[in-house]
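Work through the exercises below with the model open. Try each task before you read its solution.

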Amino acid sequence: MVRRRGAVYLGHVPDGKRIREKVSGKTRAEVVEKVRKLKEALAKGAPVPDDRLTVGTFLDRRLLHLPGHVSDGTMNNYEDTVRLHLKPGPGRHRLTKLTVAQAESGDRRPAGSAGMVRVERGHARSG
């Protein structure tokens, strides 16, 4: 069976390489419809798809948009959580290929280890 392919050109990366999003389908009409939907989504401001985007990079980008929307203390907690718990485990995996097992790997602690203790507003909390 022959698969049809189409592509939407999205621009260039800083080193000059062209970025394109590829789609495929069983028929030409199916490919044309997928290309049309992709172009519409991009025109409405949807983020450019990136198959190489890692969980860590996604979280870093997300944190850039939070200042001004959350308090400084909340921002510090989010940054610490991403840096200490999320990036070391699932942070290196590609976002588009992330599995449940990989996502849960950030929750694992060595057997018998005590949890990190933080002091918040005068109360010790194990976490």
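L95 is partly exposed, because its relative accessible area is 33% (buried means under 20%, exposed over 50%, partly exposed in between, with a 1.4 Å probe and protein chains only). The model is predicted: local features need pLDDT of at least 70, side-chain atom pairs count only at pLDDT 80 or more, and totals for chains, interfaces and linings use all residues. Residues are numbered from 1 along each chain as its sequence is written, and side-chain values use heavy atoms, with hydrogens and water left out.

**Exercise 1. List the largest nonpolar core and say which elements build it.**

Step 1. The largest nonpolar core has six residues: V55, L59, L63, L66, M75 and V82. Such a core is a set of buried Ala, Val, Leu, Ile, Met, Phe, Trp, Tyr and Cys residues joined through side-chain atoms within 4.5 Å.

Step 2. Two or more residues of this core come from each of α2 (55-64) and α3. The most come from α2, with three residues.

Step 3. Another core, of five residues, lies apart from it; V8, V23, V31 and L38 are among them.

**Exercise 2. Which residues of α2 are buried, and where do they point?**

Step 1. The buried residues in α2 are V55, G56, L59 and L63.

Step 2. Seen down the axis of α2, these buried residues fall within an arc of 100 degrees, so they line one face of the helix. The arc is that of the directions from the helix axis to the C-beta atoms.

Step 3. An α-helix has 3.6 residues a turn, so residues three or four places apart point the same way.

Step 4. The buried residues of α2 pack against α3.

**Exercise 3. Describe the whole protein.**

Step 1. There are four helices and four strands. Along the sequence, the pattern is β-β-α-α-α-α-β-β.

Step 2. Of the 127 residues, 17% are buried.

Note on methods: Contact = heavy atoms within 4.5 Å.
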